[in-house]
Amino acid sequence: MSDEKAQVEAARAAFINDFDRFAELNLDGRSLSDAEGILAAVNELKIRHTGKKSAMAATKKLIGKVPADERGEFGQIVQAAETEIVSTIAAVDEQLNEFISKAKIELERLDVTIPGRRPATGHLHPITIVRQKIEDIFVSMGYAIEDDREIETDYYNFEALNIPEGHPARESQDTFYTTTGLALRSQTSTVQIRAMERRGVPIRILAPGKVFRRDTPDMTHVPMFHQLEGLCVDKGITMAHLKGTVTEWLRRLFGEDTKTRFRPSYFPFTEPSAEFDFSCFKCHGTGKYENDRCRPCKGSGWIELGGSGMVHPNVLRAVNVDPTIYSGFAFGFGLDRMAALMYEIDDIRYLFENDVRFLEQFK
Amino acid sequence: MNISYNWLKNLIDIDLSAEDVASELTRVGLAVEGVHPHGDDFVLDIDLTSNRPDCLSHLGVAREIAAITGASVKAPAVSDEPEIPLPMVLAYDVVAINDPELCHRFTARVIKNVKIGPSPAWIVERLEAIGERSINNVADITNYVMHELGQPMHSFDNSMLVIADAEKPAAIGGIMGGLDSSITEATTNVLLEVAFFKRENIRQTSRKLGLTTEASYRFERGVDIDNLSRASDRAAELICEFAGGEMAEFIDVYPTKAEPRYAVSYDLPRAVERLTGLKVAGSECLRILNSLGISQSEEDPAAFTVPSWRYDISIEEDLVEEITRHTGYENIAEELPPAFGAGEYQDTEIRKRRLRRTLIDLGFNEAITYSFIDTKNDERFEPVPGLLDDNADEKFVTLQDSVIEGAVRMRPTLLAGVLDAAKLNFNQQHKDLKLFEIGKTFATKSGEDGLPTERELLSLVITGGDANAGRSMTQRELDFYDAKGAVEAALEAVGLSNLVFSGGDVGHLRSGQAATISSNDRVVGSIGRISEELAGDYKFKQPVYVAELDLQSLLHEETSPALYRSLPKYPAIVRDVSFLVNRTVTFDDIRASILSQGRELCRDVSFVDVYEGKGIEANERSLTIRLEYRSDERTLIETEVDAVHAE
């Protein structure tokens with residue numbers, strides 16, 4: 001059996017000799033390709049020393065040839081030698097694979113802060129954003145959204161709204177006229193008349209739309225802007241309903257703690273008339289934001305928003321509604337001003353310049 | 001308007017501080033914009049609504065305070081010296097009311113032996129407090145009385161008035177006096193004119209002359225016709241006292257008597273409750289009205305006499321407002337009206353929202369441009385079909401004037417606006433651009449009602465490179481097909497997927513890169529690269545593509561409902577084919593030609609790629625298409641397909 005043992009020992013020694021250079025493998029500072037080279041060499045060794053044609057494989061065939069009483073012991077010797085070779089290689093193999101895997105991960109490490117890949121999306125105009133928000137609120141409150149003509153007759157722009165000939169509000173210095181004497185509507189109140197003619201009463205509508213006034217553009221004026229007009233006519237409608245409705249939609253837009261304030265005012269198409277303010281959405285009516293004067297309300301805690309009142313009986317009569325049976329409220333305000341407030345836009349001319357650096361700020 | 005707190009205190013007892021007066025006045029509708037200290041006085045800056053000319057004086061504001069606090073207004077002292085009437089002959093030399101329609105009442109007072117000089121300090125101070133400059137004692141007194149009692153008045157040099165040029169008016173009644181007859185240091189005899197002119201007339205004259213004065217401002221809003229002689233007396237008395245004059249002749253010509261005015265209410269508390277929900281006792285209603293000078297008629301308890309200074313009260317609702325504002329709007333409850341019904345959007349709004357959203361997702365920013373544009377755009381753009389009325393003499397709607405230079409045309413196209421926006425962005429070095437606008441365009445309409453056509457369009461502009469979000473490098477140059485794709489995607493989002501694009505010339509588009517867009521055999525718009533000429537006008541150096549569609553018509557077209565088709569049971573086989581074709585042959589031609597052969601197995605023809613340029617004749621292009629073969633009965637085998645394909 002000694003020959004056979006010697007053969008096993010020789011195979012083992014040959015392996016140790018070949019493997020020597022990997023015995024104390026230190027991969028510190030080695031590159032991925034170094035490690036892959038070593039792995040290839042180790043795999044080659046594995047084939048050479050454990051493959052079918054290896055010296056170790058040959059020794060297995062000797063097991064049958066040793067005498068039966070020695071066969072068990074010899075078998076164990078062969079097994080031990082093979083296990084030693086396999087496990088030695090496996091250890092290095094594992095070390096290498098771990099190194100390679102780590103190196104690959106390092107190599108493929110991403111900069112996750114680089115922006116995601118997606119098409120550039122655009123932005124709705126701030127006026128559209130605010131308009132849609134408010135329309136949604138009013139639709140949920142049972143209002144129908146309406147709009148109508150932008151070029152109007154004197155009748156719809158003034159007369160039906162109780163603004164008779166010679167009234168200061170009719171001054172052409174405020175209103176654009178066409179060469180044929182038509183007016184660009186100077187308020188969305190025209191839709192009150194058109195809508196009541198179409199729908200009759202009772203009615204609840206919200207009319208957003210463009211209006212035009214002869215203002216030379218500056219930081220707070222533009223000759224074309226947007227208004228939103230609300231109208232509710234029914235039996236038994238009072239100013240309390242006006243206050244409740246205005247307060248409700250402002251709360252839905254700006255939060256439950258929003259308060260409103262109504263001040264007596266004058267509009268030809270309402271009587272009594274009121275202007276309305278709401279508590280500043282930014283400073284919650286305190287006038288201070290982060291220890292500075294709050295910007296949207298200029299430190300007052302209140303934001304002046306629009307005009308309102310009980311629909312003037314002459315307006316109701318103009319659409320054949322009996323003011324002794326029906327009453328109603330109307331309110332209106334500027335969408336552009338609302339957008340300017342919400343986004344703290346300090347120059348409303350930007351709204352119509354369409355500079356994309358401006359437009360892209362709104363969501 | 002500036003009101004002096006100390007001056008008010010001469011007219012009414014006030015226990016409130018200036019700040020409290022300010023907040024109380026604001027509460028009842030006289031909006032105090034600011035309270036500014038001035039020496040030992042405070043000046044209240046009141047922003048009056050145009051219906052309250054009666055408050056354009058300290059007396060008027062004092063009346064409101066009376067209604068707030070319950071104190072009474074003390075009339076400024078006026079002597080009860082007997083008036084010396086002018087002899088009638090002389091009177092009509094001085095005062096001739098040619099048109100009693102325009103001048104309802106006219107008073108004139110002669111004050112003799114006046115010595116023109118500086119005003120006493122207290123008058124100078126009062127006037128200064130409210131921002132008025134001192135001129136001389138007589139002018140200052142007339143100004144003082146106007147601010148005190150609200151009655152504009154004018155002092156003339158009586159001797160100069162006589163010799164005044166008959167051709168030249170001595171004054172523009174109610175607006176300003178003439179230079180020839182104005183008070184100078186040499187003046188000794190003063191004629192004090194206090195009159196009432198028709199409001200509308202003053203307004204017209206003032207507008208015509210482009211001249212607004214403190215006097216015209218008050219006259220056109222309405223002064224108190226019953227207050228004329230009192231104001232004249234007050235001024236004359238002050239002149240006598242502080243300019244050493246002697247009261248002389250007085251004349252009061254009052255041809256157009258103001259009719260007493262009434263507002264009728266049968267049940268004030270009920271009217272107040274009906275309109276405001278407030279419960280105000282009848283006695284309180286009367287107290288408020290009385291304190292404002294509105295009294296219940298003794299003969300008819302439903303009639304309320306409107307004082308001569310209030311032009312804004314004529315109906316019950318007006319009385320309700322007076323009672324309500326003095327009761328306090330803050331006392332009105334906040335209630336929601338009873339439930340009504342379901343709300344609704346405008347019929348096209350939901351689809352427009354989808355359309356907007358699709359364009360946003362495709363990278364478009366929404367623009368809003370002015371509805372009035374320059375007339376030079378008339379020839380530049382070809383409006384969408386059907387907008388202009390061929391029978392109208394003037395095609396376009398034009399404004400009488402504009403506040404933006406040249407912009408008098410109501411836009412027949414949105415393109416001028418969006419291209420202006422493109423230019424603005426180019427100037428900001430923003431060259432990769434996708435913009436759209438949805439808005440109305442306008443055109444004259446012939447026919448009876450005469451109101452112009454208003455039509456909502458969708459326009460878009462696309463230029464530069466295709467950008468990814470957050471990445472500075474553009475992927476490739478945008479072209480016609482990007483614009484076309486955007487239009488297709490946007491309209492598909494609103495249920496319109498059978499648009500037909502046909503090559504054809506459009507005024508503002510470059511020939512060969514222009515198409516008309518049709519839906520249901522009707523041309524609804526155009527798309528393409530803007531013409532060289534237009535690009536030159538805008539000084540654009542890069543290709544710019546635009547589209548404009550009649551959105552209003554499109555959104556009223558019927559959409560085809562989605563219908564399920566059973567899924568193919570057997571796989572398809574595709575074959576790609578490249579054709580070298582003359583440029584006049586279109587993809588649509590080839591597709592239609594293949595499909596028209598009616599090969600049962602050939603299910604679809606789709607576009608793969610196009611190539612033109614190097615290696616291909618200038619009048620040709622290489623078009624690669626994909627043919628899809630499929631059977632509903634079996635899995636096709638290659639040879640079968642090859643056979644059909646070969647045909």
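View 1. From helix 2 of chain A, the contact residues are A:L32, A:A35, A:E36, A:I38, A:L39, A:V42, A:L45, A:K46, A:H49 and A:T50. They meet A:E82, A:I85, A:V86, A:I89, A:V92, A:D93, A:L96, A:F99, A:I100, A:A103, A:K104 and A:L107 in helix 4 of chain A. This is a predicted model. Two packed helices are described by the angle between their axes and the distance between the axes. Helix 2 of chain A covers residues 32-50. Its axis lies 9 Å from that of helix 4 of chain A, at an angle of about 160°. Angles over 145 degrees count as roughly antiparallel, so helix 2 and helix 4 of chain A are roughly antiparallel to each other. The crossing of these two helices is left-handed.

**View 2. Helix 3 of chain A also packs against helix 4 of chain A****.** Helix 3 of chain A spans residues 55-62, and helix 4 of chain A spans residues 68-107. Their axes come within 10 Å and cross at roughly 160°. That angle makes helix 3 of chain A roughly antiparallel to helix 4 of chain A. Their crossing is left-handed. On helix 3 of chain A, look for A:M56, A:T59 and A:K60. Facing them in helix 4 of chain A are A:V78, A:A81, A:E82 and A:I85.

**View 3. Chain A is assigned two domains, domain 1 and domain 2****.** Domain 1 of chain A runs over 2-107. Domain 2 of chain A runs over 126-359. The C-alpha centres of these two domains lie 89 Å apart.

**View 4. Strand 17 of chain B pairs with strand 14 of chain B and with strand 18 of chain B****.** Strand 17 of chain B holds residues 433-443. It is mostly covered, with eleven of its eleven residues buried. Strand 14 of chain B, residues 365-366, pairs with strand 17 of chain B in the parallel sense over two bridges. Here B:N365 stands opposite B:L435. Strand 18 of chain B, residues 453-463, runs antiparallel to strand 17 of chain B, and eleven bridges join them. In this pair, B:F442 stands opposite B:E454.

**View 5. Three strands of chain B form an open sheet****.** The strand order is 11-13-12, and the pairing is antiparallel. Strand 11 (261-264) and strand 12 (295-296) of chain B are the edge strands, each pairing on one side only. Strand 13 of chain B covers residues 303-306. Two bridges link strand 12 of chain B to strand 13 of chain B in the antiparallel sense. B:Q296 has B:F304 in strand 13 of chain B as its bridge partner.

Notes. Residues are numbered from 1 along each chain as its sequence is written. Chains are lettered from A and ligands numbered from 1 in the order in which they are written. This is a predicted model: local features need pLDDT of at least 70, side-chain atom pairs count only at pLDDT 80 or more; totals for chains, interfaces and linings use all residues. A residue is buried if 20 or more other C-beta atoms lie within 10 Å of its own, exposed if 12 or fewer, and partly exposed in between; C-beta atoms are placed from the backbone. Helices (H or I, at least four residues) and strands (E, at least two) are DSSP runs, numbered from the N terminus. Two strands pair if DSSP finds at least two bridges between them. Domain bounds come from an automatic or database domain assignment. Axes are lines fitted to C-alpha atoms, for helices over the stretch in contact, and angles run from 0 to 180 degrees between N-to-C directions. Angles under 35 degrees count as roughly parallel, over 145 as roughly antiparallel, 65 to 115 as roughly perpendicular and the rest as oblique. A crossing is left-handed if the near helix is turned anticlockwise from the far one by less than a right angle, and right-handed if clockwise. Two residues are in contact if their C-beta atoms, placed from the backbone, lie within 7 Å.
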